[in-house]
Number of protein chains: 2
Amino acid sequence: MNSSSSRPEAAKPPMRDALVAAAFQLFLERGYEQTTVDDIVALAGVGRRSFFRYFPSKEDVVFPDHERCLADMTAFLAASEKDHEPVRRVCDAARLVLLMYAENPSFSVQRYRLTKKVPGLRAYELSVVWRYERALAAYLRGRFADRPDGDLRADVIAAAVVAAHNNALRSWLRSDGQGDAGVAVDHALGYVRSAFDSAPAAPQPLPAQPPAPAPAPIGERPEDVVVVVARRGAPLWRVVQEIETTLAQD
Amino acid sequence: MNSSSSRPEAAKPPMRDALVAAAFQLFLERGYEQTTVDDIVALAGVGRRSFFRYFPSKEDVVFPDHERCLADMTAFLAASEKDHEPVRRVCDAARLVLLMYAENPSFSVQRYRLTKKVPGLRAYELSVVWRYERALAAYLRGRFADRPDGDLRADVIAAAVVAAHNNALRSWLRSDGQGDAGVAVDHALGYVRSAFDSAPAAPQPLPAQPPAPAPAPIGERPEDVVVVVARRGAPLWRVVQEIETTLAQD
DNA sequence: CACGCACATGGCACTCAGTTCCCTGAGAGG
DNA sequence: CCTCTCAGGGAACTGAGTGCCATGTGCGTG
């Protein structure tokens, strides 16, 4: 929850948040499919056209922060050192997703109930999860490039990590956000590490939070040049999507 | 009487096949999104309303046999004996999917190319794969009901089996259906069994495989505009984050 | 044979998501 | 004052998916 944060980059567009708030209010009181985009923009008091300037589709308004979280995860993996144990590293990366859910438990629980009952949202969530999985797999493929069956190992471990993470996350969401989600996720990921890690995790009680999971804000590292290819007049979300598909080629 | 097949439900309506054929013809010659349902029904010579009687959505016409395959897999798992080793059993179940793909290699390769380039079809395929994975997980959950963390083990192993299967399957599809897909899938599943099975499969030799074709270059399309963002910042992944925060708001 | 019934199909109109095009108004700058 | 830009709004369009009803066709029953 940001409200009036002091972070310089946190000047979130009020319109975006207003749309999310209006959408969830209507989704909760009359259901997702029974709510049209016109209803949302009417409640938010903005034009219909503006909705699609901020969200590529009606489904995206349900997952307003996943784009950001995926970027964080990708940055986290890109900032990895050579001596990081790969499996442990992707487990830590997966924890970032849990962190995002835990930032706003009541919102996450509401969203979980929504996605659970609306097939269209469930399908959309799958595509979101798939992008996380591909990010993990891409990192592992790089680390396993010299091993035999490196790509296979990478894909399988990435899938296992995502499945373990989601197993713990969903059980936490089903319990309405009660209990310590971090412990549950650590335990689940420990199982995966015990199956795949070269140095398996002992049945550890619970280590303190990893030292630096949060990537530094933008503009702290010098000398980087970035080339982006975008269609003329393309909306923002399309550019983001384009970059991702380019980076995470199958 | 039902002509060739003895199964009572297997009397395939000719209309369904005609729609699939017409759809793929148009998808291949002008693309998925550029083909409307009206185009398909016009080519097939049937009414538009009939299309949606046979396929719940436009996407379903691309995966006309997955429903049957999923039913086969569920039946296969339901017919399991108590003394079947669970991990081996789900690996065998996964092979059913490969079998379906191998029934018609050229069709499968065409469909793979289609789903690879159309995001909407990719998302739809994810939901199909998810149902296979849930079927495997449900079986394993039953078998692991007495073990500690049975649900977790079941979910992780199901995800690993699906990932391994898809890794081999997609590599076979990328090679245009050349080579023995069964061997590749067996090898991939063997890796999963060696990680999870109580009686791991013996290490198998890996067959030589031609490298994957080069991914399509980006930025070559004429309607594209190249935007260069030069900034003292983090690597590419950060840009996703930055574009979102910088452009979307403020 | 006639009638009715079930069922498959086609046609029409409607809702709604998503897009395209154009208009407006509010600044920035000459 | 004029112009240029740009964020937002509005109207109209495309296309997927649905509901309703008319039609044809086969089939059993009286």
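## A tour from the DNA into the helices

Start at helix H3(A), which gives the most to the surface near DNA strand D, with 3 residues; helices (H or I, at least four residues) and strands (E, at least two) are DSSP runs numbered from the N terminus, and a residue is near a molecule or strand if its C-beta atom, placed from the backbone, lies within 6 Å of it. What you have open is a predicted model, in which local features need a pLDDT of at least 70 and side-chain atom pairs count only at pLDDT 80 or more, whereas totals for chains, interfaces and linings use all residues. Residues are numbered from 1 along each chain as its sequence is written, while chains are lettered from A and ligands numbered from 1 in the order in which they are written.

By type, the residues near DNA strand D divide into 5 nonpolar, 4 polar and 5 charged, where Ala, Val, Leu, Ile, Met, Phe, Trp, Tyr, Cys and Pro count as nonpolar, Asp, Glu, Lys and Arg as charged, and the others, Gly among them, as polar.

Now move the selection to DNA strand C, which has 14 residues around it, and of these Ser57(A), Lys58(A), Val46(B), Gly47(B) and Ser50(B) come nearest. Helix H2 (37-44) and helix H3 (48-54) of chain A, together with helix H3 (48-54) of chain B, are the elements that give two or more residues to this surface. The largest share, 3 residues, comes from H3(B), and the residues near DNA strand C divide into 5 nonpolar, 4 polar and 5 charged.

**Second stop: chain A as a whole**

Colour chain A by secondary structure to find 10 helices and 1 strand, which follow the pattern α-α-α-α-α-α-α-α-α-β-α along the sequence. Of the 250 residues in this chain, 35% are buried; a residue is buried if 20 or more other C-beta atoms lie within 10 Å of its own, exposed if 12 or fewer, and partly exposed in between, with C-beta atoms placed from the backbone.

Then colour by pLDDT, the predictor's confidence in each residue, from 0 to 100: the mean for chain A is 82, and 74% of its residues reach 70 or more. Confidence is highest in helix H8 (residues 150-174) of chain A, at a mean of 98, and lowest in strand E1 (residues 225-231) of chain A, at 46. Residues 1-11 of chain A stay under 50, and the model has 8 contacts for them beyond four places in sequence, two residues being in contact if their C-beta atoms, placed from the backbone, lie within 7 Å. Residues 244-250 of chain A are also below 50, with 9 contacts beyond near neighbours in sequence. Where pLDDT is low, the predicted coordinates should not be read in detail.

H8(B) is mostly covered, with 20 of its 25 residues buried. Just after H8(B), Asp176(B) takes a positive phi of about 65 degrees. Asp149(B), in the loop between helix H7 (119-143) and H8 of chain B, has a positive phi of about 55 degrees although it is not a glycine.

Finish at Tyr139(B) in helix H7 of chain B, which is buried, with 23 other C-beta atoms within 10 Å. Beyond its neighbours within four places in sequence, Tyr139(B) is in contact with Leu77(B), Ser80(B) and Val90(B).
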